[in-house]
Amino acid sequence: MQANNHLYAVLRSTSLAAALGLAAATLIGCGGGGSDSATGSNAGAGSGGSESVADAGSLAAEASGWWATATKESGLQGSIFTSTKDDCRAVNKNLYALKSDVTVWGGPAGGSAAGLIPESKYYVQVTNPAGTKVLGSSLYGNGTAKTPIETNAAGEIMGCPVLTDIVWRTSAKGTKGYDDTTNNGDEYKVWVSLNADFTQKFTKTDSFKVAERDAALPPAPITGSITVRKFYDVNVNGLKDAGEEYLDGANGWLVGRTVGTSYETARTTTTFTGLPLQELSVWELAPDETNWYATNVFVNGVSGAQPVVAAASGTRIMNAIGATPAASGTTVDFANVCTGAGNSQARTIGYWMNKGLATTHANQDALRALNLRTDSGALLYAAGETLSADALKTWLQGARAKNMAYMLSAQLAAMQLNVVTEKVMPGDAIFAPSVTSNTYVSGFASVQEVIDHAVDLLQTGDATKAAPAIRQDMELVKNALDLGNNRSNFVQPTPCTRTFSNTTP
């Protein structure tokens, strides 16, 4: 609007009432435009917005020339920045030791740059960087210094205004200065505005940092962390031995932690941070594959004495333990193993029945020591007896679980034949949850330990009349031997495939 300079000169020499009328008429005829200046629409005037915003009449009463420029629809151009008392015009001095070091200056940065509106008065406030809390404002003065910044004919701020001298604290409006920022990074924002509302269009801002605080920041809440790892327990002893690998990175395992009702998951090895210093649950998710087992879990190297755990049907967590994060860090280690064929070349009852190899002298001697039972519960071998190939085949073929001792005997015979023909090593570990082992963690036992336990169970005589608890034990051992003869419950020498369709607990 080219008429502005002429309008400004006329208004300076006109009475207030005439000036207001002429300004309004001219603005209506010229329209408006321009771009926004401040980063926020309004930080609010006063503490909690309790101060009333000056109306048009009170603003006009400040100075006869300023009202015309304050209401121009062209918007506020130019720029402001903070600096120091030693060199008020130095740009980008945004880090200060003391609040009393901070000055504000503005105007053209170069000959071609637009300055602030010339010969005008400006309100000032200091807020947090988001502009949501006023920390100090020139509006809190005694009514005579509400517009402490003025510009010269070039649009430059006159003098070198120190912020602590031109604003009053929000918390104590009769005291010069500004309150501490609510920002933990010690950041502030200064606002310079033609408008007591600090409206965006008529406002310029600049951010700065001050190390000084009226009161020390409250200590940050102390939190802790938990690092979760998982290793492959290849020798099934529940310990992390040399050479046993961690399951990391893309091949890691989905683990998680729960605090209250919130949880977080990640792939091992991982560290969960920012945790409250109270016991929480750390867990490993169950993979889609059902041949994985948890053999132990450690918190800071101390065994949780966990038994073998396989995820229950329909659940997503395989194993969990309570752990307390520490500021220095807590470590949880899960030990796991999987089963399959292993290095075994085991053969089933059907193989031995059809091949007839069970009738060799050495094999019959091995079978004779097993307390094998018939369907009636009688011993299969009388003292010194040797069975014909047909008799042994008929016995194997007729095995039924109606008499659990008979079915156990048949699976036991097949496994014994696998051992004596070296298709299976007697020290190989298999999943056998009912057998106590002297070598492996609870839930696993050597093939020989399972054989010995089966032999002991078959010493009960007429097993058709065995107590229910003994029959149940017989069934569990029979199942372990059956899986072994089918090469499916041997500990694998390397980690198996693991996939996770379910990624939440």
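Author: Let's start with cysteine 160, which counts as partly exposed at 30% relative accessibility (buried is under 20% relative accessible area, exposed over 50%, partly exposed in between, with a 1.4 Å probe and protein chains only). Keep in mind that this is a predicted model: local features need pLDDT of at least 70, side-chain atom pairs count only at pLDDT 80 or more, and totals for chains, interfaces and linings use all residues. Residues are numbered from 1 along each chain as its sequence is written, and side-chain values use heavy atoms, with hydrogens and water left out.

The partner of cysteine 160 is cysteine 88, with the sulfur atoms 2.3 Å apart; a disulfide here is a pair of cysteine sulfur atoms within 2.5 Å. Cysteine 88 is buried, at a relative accessible area of 11%. The S-S torsion of cysteine 88 and cysteine 160 is about 110°, so this disulfide is right-handed. Cysteine 88 sits in the loop between strand 1 (80-84) and strand 2 (95-96), while cysteine 160 sits in the loop between strand 6 (149-150) and helix 5 (163-166), 72 residues apart. Helices (H or I, at least four residues) and strands (E, at least two) are DSSP runs, numbered from the N terminus.

The count is 2 disulfides, and the other one joins cysteine 338 to cysteine 496, S to S 2.0 Å. With 85° about the S-S bond, the link of cysteine 338 and cysteine 496 is right-handed. Cysteine 338 belongs to strand 18 (residues 330-340) and cysteine 496 to the segment after strand 21 (490-491), so this pair ties together parts 158 residues apart in sequence. Both cysteine 338 and cysteine 496 are buried. Counting bonded cysteines along the chain, the pattern is 1-2, 3-4.

Now the rings. There are 16 aromatic pairs, where rings of Phe, Tyr and Trp (its six-membered ring) pair if their centres lie within 6.5 Å, and planes under 30 degrees apart count as stacked, over 60 as edge-to-face and the rest as tilted. Among them, phenylalanine 231 and tyrosine 246 have centres 6.5 Å apart and planes at 90°, so they are edge-to-face. Phenylalanine 231 is buried at 1% relative accessibility, whereas tyrosine 246 is partly exposed at 29%. Tyrosine 293 and phenylalanine 431 have ring centres 4.3 Å apart and planes at 25°, so that pair is stacked. Tyrosine 293 lies in strand 15 (residues 292-299) and phenylalanine 431 in strand 19 (residues 429-431), 138 residues apart.
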